Amino acid sequence: MDHEWDFAFLLDQRDFILRGLMATLRLAAACVAAGIVLGLVFASARLSRSAAMRFIGTAYVEFFRNIPVLVQIFWCYFALPILTGMQPDAFVAASVAISLYAGAYLAEIFRSGIQSIEKGQWEAARAIGFGHVALMRWVVLPQAVRHVIPPLTNQVMEIVKTTTVASTIAYGELLYSAKVLSDQEFRPIESYTAVGAFFIVLLTLVSLLSSFLERRLRRHV
């Protein structure tokens with residue numbers, strides 16, 4: 001069956017598409033930031049000398065890593081209100097669910113990066129009087145960051161792509177906007193092709209930024 005491609009309607013609806021684009025970027029930024037914080041916290045917990053902290057860190061990672069993110073979003077948006085009597089809006093439900101999910105994977109990435117630092121450097125820093133916070137801040141994390149940039153970049157890209165599942169609870173991100181336009185204009189091919197093109201551009205920029213940071217950090221080794 002022949003199909004006549006026509007993207008003109010996207011120009012007519014550019015304000016609507018721009019709102020969807022900004023909603024996607026807002027959700028992605030919130031989830032990446034929160035996921036990194038959670039990842040660092042629970043990576044530290046998993047490496048703690050305290051058995052209780054190690055248990056908490058491991059429980060968090062295994063719990064949220066093994067539940068599909070779509071189930072977590074539905075639970076936050078549909079189940080949580082029944083238990084608490086409070087209905088979060090779509091952005092809050094999606095950002096909480098995706099951040100918790102992402103944090104579990106990022107925790108393992110950060111843990112592997114921290115563990116890659118030689119024990120001699122830990123012992124040397126402690127010998128000159130560094131406390132745990134100073135040790136992490138000045139010795140361990142600066143080196144660990146260089147080791148985790150490639151897997152961290154992959155995970156950030158996954159987080160950005162995962163934001164599309166927020167369309168299932170009617171959060172007005174880019175995929176949801178494309179679905180609305182597809183239903184209105186009867187142009188699903190053009191609508192979803194435009195979404196795919198956007199993610200190719202965005203994630204290519206993320207990859208280029210990662211390569212730039214990797215080169216800059218390598219110069220300071």
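Modeller: The structure holds 6 salt bridges, a salt bridge being a side-chain nitrogen of Lys or Arg within 4 Å of a carboxyl oxygen of Asp or Glu. This is a predicted model, in which local features need pLDDT of at least 70 and side-chain atom pairs count only at pLDDT 80 or more, while totals for chains, interfaces and linings use all residues. Residues are numbered from 1 along each chain as its sequence is written, and side-chain values use heavy atoms, with hydrogens and water left out.

One of the pairs joins glutamate 62 to arginine 65, with 2.8 Å between the closest N and O atoms. Both residues belong to helix H3, 3 residues apart, about one turn of the helix. Helices (H or I, at least four residues) and strands (E, at least two) are DSSP runs, numbered from the N terminus. Glutamate 62 is partly exposed at a relative accessible area of 34%, and arginine 65 is partly exposed at 25%. Here buried means under 20% relative accessible area, exposed over 50% and partly exposed in between, with a 1.4 Å probe and protein chains only.

H3 covers residues 51–65. Serine 50 caps its N-terminal end, a side-chain oxygen lying 3.3 Å from the backbone nitrogen of alanine 52. Gly57, Tyr60, Val61 and Phe64 of H3 are buried. These buried residues fall within an arc of 95° seen down the helix axis, so they line one face of H3; the arc is that of the directions from the axis to the C-beta atoms. They pack against H2, H4 and H5, where contact means heavy atoms within 4.5 Å.

In helix H7, lysine 161 and glutamate 158 are 3 residues apart, about one helical turn. Their side chains meet in a salt bridge of 3.1 Å, N to O. Lysine 161 counts as partly exposed at 39% relative accessibility, and glutamate 158 is partly exposed with a relative accessible area of 39%.

Helix H8 holds lysine 179 and aspartate 183, 4 residues apart, again about one turn. The closest N and O atoms of this salt bridge are 3.2 Å apart. Lysine 179 is partly exposed at 43% relative accessibility, as is aspartate 183 at 46%. Elsewhere, salt bridges that share partners join Arg46, Glu108 and Arg111 into one network.

As background, an α-helix has 3.6 residues a turn, so residues three or four places apart point the same way.

Key:
Expected span 1.5 Å × (residues − 1). Polar contact = N/O pair within 3.5 Å; in protein donor to acceptor, adjacent residues only side chain to side chain.
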